[in-house]
Amino acid sequence: MNNKTYTRLEFDKVRRKLAEYAGSALGREMALNLKPSTDMETILRWQKETTQARELMRFEPGFDFSGWHDIRNEIRRLKRSALLSAEELFAVGETLAVSRRVKKILFDRQERYPLLAEIAQGLANLPDIEKAILNAILPGGEIADNATPELARIRRGLNNAQGKVKERLNSIIRSPEKQKYLQEPIYTIRGDRYVVPVKQEYKNYIRGIVHDQSASGATLFIEPMEVVEANNEVRRLQAEEKQEIQRILADLSTRAAGVVDELSFCIEALGHLDFVLAKARYSAKLDAWQPNIINETRLNLKKARHPLLTGKVVPIDIYLGEEFNTLVITGPNTGGKTVTLKTVGLMVLMTQAGLHIPADDGSEVGVFNQVFADIGDEQSIEQSLSTFSSHMSNIIDILKKVDNKSLVLMDELGSGTDPTEGAALAQAILDYLHGLSVCTIATTHYSELKNFAYANKGVENASVEFDSESLKPTYRLLIGKPGRSNAFEIALRLGLQKELVEKARGFLSREQIEAAELMKQLELAQQQAEAERQQAVKLRKESEELKEKYLQLEQKLAARKESILEKAREEAQAVIRKAKRESEAIIKELREKINQQSAREREEAIKKARENLYKLYDKTAGKNIKKKAAVHQPPEELKPGDEVFLTQYNQRGYVLEIGNDDQVLVQAGILKITVNKDQLQRVKESKPDSGKSQVGSVIMNKAQEINSSLDMRGMTVDEAVITMEKYLDDAYLTGLKQVFLIHGKGTGVLRAAVHRELKGHPRVKRYRLGVHGEGGAGVTVVELK
């Protein structure tokens, strides 16, 4: 593969795009120099590296790879035993810190990311040198005071000496006697010496050394004699400081030079990791994934998208090398034929370069030793080459190098010359490549090539779809169906006179007209079939989603049913155990009385024991879930308020709602249960005793109307207390365990009145103010008994 192929297929643009996702110069260089491989093991390794880096970004979002520097220039200087500057040494120290951190992270996760951990083996782990550099040098290249004890001593002395100079200068500029000689009451620095600005005419009134003067000559910068000795001490200490800094830099440079080989391996490994992460970032941007790589010269791309196109990209499905190895694509201009060629070529090059491809799961890409492309107009005025000559030169070069492990992509084969001769040449070239079993894709406008595909086994027609109604291409590739130019339809829709179009049709032979009409009908049938297929896929997806929701709901209901049954079984077992204990106590008492009393008394005791046993039976019989249910006739009609018997739970209740599919919502005590109508038995109506209320009806009505919260905002204290009393009675009657009394924050008067009423209330177990999410201090949460 050569650079011309990369340019024609726009692989060079892909490399430049990839380089944008690198974070370092090394990573960008590797991206720009990326070339496909033909070795199966290498390709698989590169692909797995990209996949593992993609997983690292997904599962380790906090992974930080920043902070290191391209220190290749520093490494070259260290190899020559050069002295590095503070900034250069700081870059080395930061790079070592990142290297150590990244190496630990990847080694700790080497089972999940084995190839990344293998790259990380080249990273340096030199904590002593790293610590020495970063402790001695601060960001920006400043040497830290505590780099060495000697430097700390020098800088303390320097600060003291500078303090003395400033103190004496302050006494001068604040002196009323000397201020009149100064341009301004300040001091400054000239030539590393502290000076004061003196007016030219008063230079003799300030004894000292002149170091500089202003541009106008009106100001002289004089070092007063009072600070000359102190300034000398400052200069001496500054010289000592500079010498000590040079000694520190020399020591650190010597230590770094001792591990220069480790630094070289480290920077290469960091650059490699940055390149792999760039591939992962580019993969995520394209929504690309690793294809199934096969060691054969064939491909099967599903929903493949050109990686450089933006906006709404129409994906293509294309396969080659199995049923046929030559594909002839026809269709109108701007229909997507050239984009199809470039997409196929890029998918192959990207795969063999270790890049993920923007195609659906299940796509297969083989390994080709060579990819040849003849795409675009490369005519050259300097070389006196026409378009046809340029294409022929490329094709001749391809035919010299091609073999059965190559992929050949040719755009507008045979164009640029006489159509008859061009079509004949195109057929000869395709026949030659087909005879060598070369995987070939060619685009053309020639009808003769469509016939060539029909007449030869292993050659297939394809076309790019065109909507003759809208005069726009759909960019969909249709394999197995030749395309047509649609010239007459386009001309009519653009406004050409109908008579001219009909006259043009008259110049066609009968066979040409019949073939064109047949192809038109085939295209319409294909479009209709595809629309129906997409609709069927959509309906199938919706039905599968509904089925999944139904199964989940069924599982939830089954789990809820089993939970209720399990609770009922536990209650039944408890009742049975209690009944057994009580019956055993009655029998024991009976035996004791039989042994102690007379015959009359024994008879009385037996009678009493029998009555107790009957009472015990009446008490437990209704709660034994396992007893056989009596055969009953389900009620034909039910309405809210009817009293019913739940045969499955041996409980009475009241109908609240009647839903679809014979589902009935029943209030049984404090529980609301939805059951099937077949599990209910109507309870015969009985007249309520005179003077007694119908409790069941009241409970049912309250259960339908009651809410778990009461809003009292806007009420007076008296109104709120009366409303709250009634609400608490209703809530208690319907079995609510917790309610929310909304009184608002305001002045707190209503809240205080509510709390007074709740304190000691017979229905209230405890109460508290609401927390965050419940309303805070504006709500009181009440737990009922």
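**View 1. Ser283 sits in helix H12, which covers residues 260-286.** Helices here are DSSP runs of H or I with at least four residues, strands are runs of E with at least two, and both are numbered from the N terminus. This is a predicted model, where local features need pLDDT of at least 70 and side-chain atom pairs count only at pLDDT 80 or more, while totals for chains, interfaces and linings use all residues. Residues are numbered from 1 along each chain as its sequence is written, and side-chain values use heavy atoms, leaving out hydrogens and water. Is Ser283 buried or exposed? Ser283 is buried, at a relative accessible area of 2%; buried means under 20%, exposed over 50%, and partly exposed in between, using a 1.4 Å probe and protein chains only. Leaving aside residues up to four places away in sequence, Ser283 touches Arg54, Ala288 and His356. Touching, or contact, means heavy atoms within 4.5 Å.

**View 2. Four strands line up as an open sheet, in the order E5-E9-E6-E7.** The pairing is mixed, and two strands pair if DSSP finds at least two bridges between them. Strand E5 (292-294) and strand E7 (316-320) are at the edges with a single partner strand each, so one side of each has no neighbour in the sheet. On average, neighbouring strands are turned by 25° against each other, direction ignored.

**View 3. Strand E6 (residues 299-304) pairs with E7 in the antiparallel sense.** The two are joined over four bridges. Which residue of E7 does Leu299 stand opposite? That would be Leu320.

**View 4. Helix H13 (residues 337-352) packs on the sheet.** This helix touches E5, E6, E7 and strand E9 (364-366). The direction of H13 makes about 110° with that of E6; axes are lines fitted to C-alpha atoms, for helices over the stretch in contact, and angles run from 0 to 180 degrees between N-to-C directions.

**View 5. Cys266 and Cys439 both count as buried.** Cys266 has a relative accessibility of 2%, and Cys439 also comes out at 2%.

**View 6. Stepping back, the chain has 23 helices and 23 strands.** Of its 785 residues, 40% are buried. Take the contacts between residues at least 6 apart in sequence: 66% of them join residues at least 24 apart.
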